[in-house]
Amino acid sequence: MQQFGVIGLSVMGKNLALNIRHHGFSVAGYSIDKPEVDAFAKYQDDKLKPTYSWQEFVDSLEKPRKILIQIMAGKPVDETLKKLLPLLDAGDILIDGGNSNFHDTARRYHEMEQHGIHFIGMGVSGGEQGALNGPALMPGGDEAAYREVAPILEAIAAKTDDGRPCVSYIGPESSGHYVKMVHNGIEYGIMEVICEIYDIMRKVGDYSNKQMSMMFDLWNQGDLHSYLVEITAKVLKQKDNLTSGDIVDKILNVASYKGTGNWMLEDAIRLGTPISVTAEAVLSRFMSKASFKDGREYRLDSTIAFPKLAEDLEASLLLAQAVSYAQGFDQLRMAAAQYNWQLHYPAIAQNWEAGCIIRSLTLQKIEQTYRDEGNLANLFKAPVFRKLMNNNLQALREVLQIALQAHIPTPALSAARNYLDSIFNPSLPANLLQAQRDYFGAHTYQRNDRPGTFHTEWYHEA
Ligand code: 6PG
């Protein structure tokens, strides 16, 4: 009998199964796509078993069964549950490791609950290599069920620099997939900020791809140490295999997306969370499709010198990516209140410190900050992040001025600056907005000098 089962044996499912096997657990694999099972069968041994039917798969597993579903999110997950349900017993545990929408996960959790099946919605990050060598895992659902699968998940997960696993119980119901969605929204934000920095580097700094690669590489050795900065350095120095140039210059500048970042924005709108960096990152992907590819762009007069450009760009990137994280954690805090989840922020930061796409040195600081400060209203309220802001905000302002002069759009960098200039600002002009609303719609307002709700009889000209 196998200790664990995996459904879906394309690259993620296969690699996770191999990772589980590698850590000494026996695993059965099944896919509705027979060639995938045949490919999986090449690894067959006493602890790795390919199966060729739903029944054979389910029968090969120890009870309570522990099954990871690693297939495309959406309808295929519901179809799989339909096939599995009649073959399962109460107490079995199903884990959905795809990028499922958290609303679907909530629905499935309750549907499965009615049949006595424990359903865990688990975010998995790290791509193919992560799946094989150590992903970041974000499981949410029934806590007792999580405890049963925890030894396997902890064994296969990535480990932080000090050896702790990048997996922990996130919270009830769909909170695991919610946290993965926020991970992806932060991912969108940081990627967009890096792209804007690159745009200024190449257009204002006139740096070659090789020079930019070296700069990102250098930054990766300091406070900006992160997977996304590291791969940017690698991407920029990759040669094209069809021409003599660099591949980055041959790639069409139209962004695709599967949309998990968009989902974060959808829920931010529902919750009223100002996740402006992710929002601009999502819109920038739309803009990359909408912008006219035959248009002309203005380039800065190259005689103007910017002696501190590289330094200011590094500082701006450091600050703007921190804003993306801060906004993500802000959304988690608001979601926890709305959905009645107890989220453990230091553990979430720890989960993201290795294995996943947004892993970075900054996350180690975030974990420590949450451990030191408890339930923070905003990361930038903590002294460490306040200092980061004080040390780098001027550089960001200067970079934005340069971009403005050069007509280079900087939606995400500007959003980060606007956020920091707003979040600590006691005199935002919403007083006038409230007056306008009350003027045309008698929507009422509150006053800053006494409690209560007020309406003014505005003077309307005849
Ligand atoms: C991860 C990634 C992964 C995937 C993104 C890409 O954590 O491993 O986030 O889940 O690469 O979903 O998203 P887009 O296609 O929307 O850019």
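I count a polar contact as a pair of N or O atoms within 3.5 Å; within protein, one must be able to donate a hydrogen and the other to accept it, and residues adjacent in sequence count only if both atoms are side-chain atoms. The model is predicted, so I noted its limits: local features need pLDDT of at least 70, side-chain atom pairs count only at pLDDT 80 or more, and totals for chains, interfaces and linings use all residues. Residues are numbered from 1 along each chain as its sequence is written, and side-chain values use heavy atoms, with hydrogens and water left out.

**Ligand contacts**

A polar side-chain atom of Tyr-188 sits 2.4 Å from a ligand oxygen. For Asn-99, a side-chain N or O atom is 2.8 Å from an oxygen of the ligand. Gly-126 uses a polar backbone atom, 3.0 Å from a ligand oxygen. The protein buries 79% of the 420 Å² that the ligand exposes when taken alone (accessible areas by the Shrake-Rupley method with a 1.4 Å probe; for residues, only the protein chains shown count as cover).

**Ligand shell**

Which residues come nearest to the ligand? Ser-125, Glu-187, Tyr-188, Lys-258 and Arg-285 do, out of 15 around it (near means that a heavy atom of the residue lies within 4 Å). I sorted the shell by class: three nonpolar, eight polar and four charged residues. Here Ala, Val, Leu, Ile, Met, Phe, Trp, Tyr, Cys and Pro count as nonpolar, Asp, Glu, Lys and Arg as charged, and the others, Gly among them, as polar. Helix H8 (residues 175-203) gives the largest share of the shell, five residues. Helices (H or I, at least four residues) and strands (E, at least two) are DSSP runs, numbered from the N terminus. Domain 1 (4-173) and domain 2 (180-423) each supply at least three shell residues; the bounds come from an automatic or database domain assignment.

**Cavities**

I searched the whole structure and found two cavities of 30 Å³ or more. A cavity is a set of points, on a 1 Å grid over the protein atoms alone, where a 1.4 Å probe fits but cannot get out; lining residues have an atom within 4 Å of a point. Points are joined across faces, edges and corners, and a volume is the space filled by probe spheres set on them.

The largest cavity has a volume of about 60 Å³. Its lining includes Ile-190, Leu-224, Leu-317 and Tyr-325. By class, that lining has eight nonpolar, three polar and no charged residues.

Asp-330 and Arg-333 are among its lining residues. H13 gives the most here, with four residues.

**Backbone**

Most residues other than glycine have a negative phi, and most peptide bonds are trans. I noted a cis bond between Lys-63 and Pro-64, with omega about -10°. Pro-64 is in the loop between helix H3 (54-59) and strand E4 (66-69). His-407 has a positive phi, near 60°. Its loop runs between helix H16 (383-405) and helix H17 (411-423).

How values were computed:
1 Å grid on protein atoms, 1.4 Å probe; cavity = no way out; pocket = protein on both sides within 12 Å on 5 of 7 lines; lining within 4 Å.
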